[in-house]
Amino acid sequence: MHLQINEVAGNKVVAIEGRLDTTTYADLEKTLTNLFDEGCHNMILDCSAMDYVSSSGLRVFLMILKKIKSVGGSLVLCGLQPAIYNVFEISGFLSIFSIRDSLDQALNK
Amino acid sequence: MATFIHCKNPLSEDLGDQLKAIPECPGTCIFIDIINSTDLKYRAGIETWGRMLNNTFNFISFLNNFPENIVKGIGDEMMLYIPDSELRQKKDINSYFALLGEIFATLDNIKNHPLPDLFLQCKVAIHHSTDVYNITFLKGANDYYGRGIDLSARFMQKGRPNRIVMSQDFYELVLADAQEVGKADTDAMLKMVSPIYHEDFKGVPFPVAYRFIDLNN
């Protein structure tokens, strides 16, 4: 998994590329927690290049959502591939996360 | 596929020879019990009960990696057996550390899910054993027998909602995997593993060592 952090139109965008699983989730958890602790409470997670997510990965999404909600921030996920979207549906995550089709849509919120 | 054991003559000598020749099938046995589903069935009816059971079975997403390893399901309990030879061949979850990690994450996600009343909590028991045989006494069925399976079932006695009970044997394999990827000392899940306990289980002629992870703590 590869992570890239960009500032786009005043938004912190974290692009996740590759597989988010038991061997990689800790990197994402650390990155998002660090961003949050530095005061970034509005994030966009660009998942367009993320091709696999396991329960360990879902756990990180839940963790950061909880933190961001606790301070009234916003978390938007975008570009979910069909297989990932399916996992989100099964997990009931479509109802609890703000999800957009593309980064452009996420930036427009 | 399991070796079908079937002999009409109860005194057959061939049967003894056949049984002696069956190879051990070392692997990981997992029992998963979905909590409170029976109570819910009577209290809330099939619509609510069935929906929550459907949701929970779907949510146990690590199972998607092992569809052919689900040996049996009885109501809200299921047994998986993953032979070592198969675990290492898996694309996504191919180590004991990864296996425990996915089960841990699944239970944690259910416990912390923001939407209430969609999923039921689970308890899990895991054991690794070499004393297992891939045999069946029912034609066409796949099954596993052996003292390793019996012991795995015994660990469910120590189960609680949101708890993973694991034998010391399995834990040592997890630890070895974690060491290999440099996470034995830093992994948050491993820090939650209890001290070792020893207990006499019914039908087991020696004290059994086990640990657990309690997600309620």
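**View 1. Chain B as a whole, with its seven helices and nine strands.** This is a predicted model, in which local features need pLDDT of at least 70 and side-chain atom pairs count only at pLDDT 80 or more, while totals for chains, interfaces and linings use all residues. Residues are numbered from 1 along each chain as its sequence is written, with chains lettered from A and ligands numbered from 1 in the order in which they are written. Helices (H or I, at least four residues) and strands (E, at least two) are DSSP runs, numbered from the N terminus. The C-alpha trace of chain B spans about 60 × 45 × 35 Å along its principal axes. Chain B has a radius of gyration of 18 Å, which agrees with the value near 17 Å that a compact globule of 217 residues would have. That radius is taken over C-alpha atoms, and the globule rule is 2.2 Å times the number of residues to the power 0.38. Of the 217 residues in chain B, 35% are buried. Here buried means 20 or more other C-beta atoms within 10 Å of a residue's own, exposed means 12 or fewer, and partly exposed is in between, with C-beta atoms placed from the backbone. Take the contacts in chain B with a separation of 6 or more: 69% of them come from residues 24 or more positions apart. A contact needs two C-beta atoms, placed from the backbone, within 7 Å.

**View 2. Strand 2 of chain B and its two antiparallel partners.** Seven of the eight residues in strand 2 (residues 27-34) of chain B are buried. Strand 4 (residues 77-83) of chain B pairs with strand 2 over seven bridges, and C29(B) sits opposite Y81(B) there. Strand 5 (residues 122-129) of chain B pairs with strand 2 over eight bridges, with I30(B) facing I126(B). For the record, two strands pair if DSSP finds at least two bridges between them.

View 3. You'll find D117(B) in the loop between helix 4 and strand 5 of chain B. D117(B) counts as exposed because it has 11 C-beta neighbours inside 10 Å. N162(B) belongs to the loop between helix 5 (147-155) and strand 7 (163-167) of chain B. With 19 other C-beta atoms within 10 Å, N162(B) comes out as partly exposed.

**View 4. Hairpin and crossover in chain A.** Strand 1 (residues 2-8) and strand 2 (residues 11-20) of chain A run antiparallel, joined by seven bridges. V8(A) stands opposite N11(A). The hairpin they form has two residues between the strands, and A9(A) in the turn shows a positive phi of about 50°. Strand 2 of chain A also pairs with strand 3 (residues 42-53) of chain A, this time in the parallel sense, over eight bridges. G18(A) has M50(A) as its bridge partner in strand 3 of chain A. Between strands 2 and 3 the chain passes through helix 1 (residues 25-37) of chain A, making a right-handed β-α-β crossover. Right-handed means that, with the strands pointing away from the viewer, the path from the first strand over the helix to the second runs clockwise.

**View 5. S70(A) in helix 2 of chain A.** Helix 2 covers residues 55-70 of chain A. S70(A) counts as exposed because it has 10 C-beta neighbours inside 10 Å. From S70(A) to H41(A) is 29 residues in sequence and 9.7 Å in space, C-alpha to C-alpha.

**View 6. The contact between chains A and B.** Chain B puts in 18 residues and chain A 16. On the chain B side, the elements giving two or more residues are helix 2 (37-59) and helix 4 (96-111). Helix 4 of chain B has the largest share, with seven residues. By type, the chain B side divides into eight nonpolar, seven polar and three charged residues. Ala, Val, Leu, Ile, Met, Phe, Trp, Tyr, Cys and Pro count as nonpolar, Asp, Glu, Lys and Arg as charged, and the others, Gly among them, as polar.

**View 7. The largest nonpolar core, with 80 residues.** A nonpolar core is a set of buried Ala, Val, Leu, Ile, Met, Phe, Trp, Tyr and Cys residues joined through C-beta atoms within 7 Å. Those with the most contacts inside this core include C47(A), F104(B) and V124(B). Helix 4 of chain B supplies the largest share, 10 residues. Leaving aside neighbours within four places in sequence, the contacts of C47(A) include I16(A), L77(A) and I84(A).
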